[in-house]
Amino acid sequence: MQGTTGVRSRGRRAAWVAAGAGVIVVLAGTPVLKRWVEEEWWIHELDSEDGDARKRAAERLGEMRSWRAVPHLVDRMEVGALKRIGPGAVAALLRQVSLAAFSEEDEPALLECAREADPLVRRRALLALPAGRGVSEAAFRALLGALGDADGEVRLAAARRLLETHPDLRVARRALAGLARDAAEPVRIEAAGLLAATRRRSSETAEVFLEALEDPVAAVRIAASRWIGEHASSAKAAEALSRLLEDPDPLVTEVAASALRKVASVLPPPVTPAIAGAAPPSGAALPELLTQLRDHAETKALRREAARDIGRVAAGSEEAFAALLGVLADGSDDAGVRGAAAEALAAGGFPLSRTLDVFRGLLFRSLLDEKRALQEGLFAALAELGPRARLLAPPLREYVGERRDSPAGRWFAARALWRITRDATQVVPVLVEDLARLTLEDKKAIEGICALLGDIGAGIEAAAPILSRLIGEEGLDGAVAPTLAAADPLDLALRRTLEDWLDGLRRPDDVARVLAVLGKHGMDRYVLRRLRGGDIRESLWILGVLSRMGPAAAEAVPALESLLGDRDEALRLEAEEVLHCVQGR
């Protein structure tokens, strides 16, 4: 019986196989199976070692509009074939590029997508391009060209990428100024935010933001208020901001009031009552701030902020002094809150003798207290007091001398000692010793010491050999090179070190500080050569450096004037603005 069942089972299986083969034979003549077979063939040919065969395969799959082939075509960046299949296939390519790390092999495909008819595809392609000094000239020119695109969101994407590469680029700001008046709310919001993040002042930008104060979208009014508070100082701006004090959105009112206080502080009298009354009474918020500081149920961040605000509004209040003293005396309290209380004590307008008595006790206890946040707050407060805290110079000098086991934190105390005594001979040896002992893992401490040495200026030559070795270490050039430039006098070896490393500096501010010290020779060697090199990226980079140098870049005036007739609009506009900056107009 069992044998009979096995024979029947094998018979049924053979029948099914024969039936399936028959179906395949029947379907072999149908268009569906023919297309499937052909697609499989051409997809297989995409892996051929023959370049012509791969090209033919991509073209044929594009002609067939083969969606089954899209993943394979995306992997091989076959934009032409993907475009024939449809916008969705191109979008699949852009999604993959945006999710993966950019490589130079991706760029031709992205530039081709940036010329697509679909604005969404163009926008995604532009945003997938890299930013920074690594962008190629072809990609940079594509971004410049896209500023004239018919679609507002494409222009916005181009402006964003250009500003990431060249902050404050005038041609990008001009495009954003137009977009800030766009009919589409999302475009206006993003354009206003990007434009507000730029730091160059111009009448064109000021006019845009004065108009934007009346925009129906709160986010646009907020961005406009912030920019005007930082960059505008006219009675017209103050009057426009004062109208926002009655805005229905409380955040708009708060930002406008803050901006109005900044503008009113630089306006000559008389000012209108609305402007004069923009700032709240100095002590009005004190009771609430004291409650927040004493309430241990509040978050540490809120209590730290409350302590700092007390320093701004205390005006010598006895109640505020007692509250701050109570926080400082509580060794179990958060070290960051206690440090903020120390800073508030220095800034609160309290009698100097009482403040110094408190700090003297804290200073002696700090020799035994390892809580860095408290120490940093105490030393920041002493640095704020400066020469007024000269009675504490001896114990502070003793503290600095005894903390050789903590090179990563001793510079906070050294900075306070320098601000109090202005004696480089007491501070520089300590900083040089700590700098020699620190490792690259102590990057924050190295940057702090470099900033302090740059502040000291004269007398830092002893640190030059150590600083010279640090130049070229990733992430430290921006801190080290400007400090070296502050050495006085600048010897020949140090000058050559700075000149050799100028090319490695990434931030325009750092290059500007070094060039200001190197003078005409550095200008000739570094600046003029790049302005005349023909690469628009380098030329715009150097123009950004010159704008930060201001009148110190007077040697570059002839070269800037020669760019006023350049065929590239971006260069012409940038050179014109930088020339005004250098000539002080």
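A salt bridge is a side-chain nitrogen of Lys or Arg within 4 Å of a carboxyl oxygen of Asp or Glu. The model is predicted, so local features need pLDDT of at least 70 and side-chain atom pairs count only at pLDDT 80 or more, while totals for chains, interfaces and linings use all residues. Residues are numbered from 1 along each chain as its sequence is written, and side-chain values use heavy atoms, with hydrogens and water left out.

**Exercise 1.** Find which parts of the chain the pair E190 and R160 links.

Solution. The side chains of E190 and R160 meet in a salt bridge, with N and O 2.5 Å apart. This pair links distant parts of the chain, since E190 lies in helix α12 (residues 185-197) and R160 in helix α10 (residues 152-165), 30 residues apart. Helices here are DSSP runs of H or I with at least four residues, numbered from the N terminus.

**Exercise 2.** Determine where R141 and E137 lie, and state whether R141 is buried, partly exposed or exposed.

Solution. R141 forms a salt bridge with E137, the closest N and O atoms being 3.5 Å apart. Both residues belong to helix α9 (residues 137-146), where they are four residues apart, about one turn of the helix. Buried means under 20% relative accessible area, exposed over 50%, and partly exposed in between (1.4 Å probe, protein chains only). R141 has 34% relative accessibility and therefore counts as partly exposed, and E137, at 27%, is also partly exposed.

**Exercise 3.** State how many salt bridges the rule gives.

Solution. The count comes to 25 salt bridges, and R410, E433, D434 and R437 are linked in a network of them.

Methods
Helix = DSSP H or I, 4+ residues; strand = E, 2+ residues; numbered from the N terminus.
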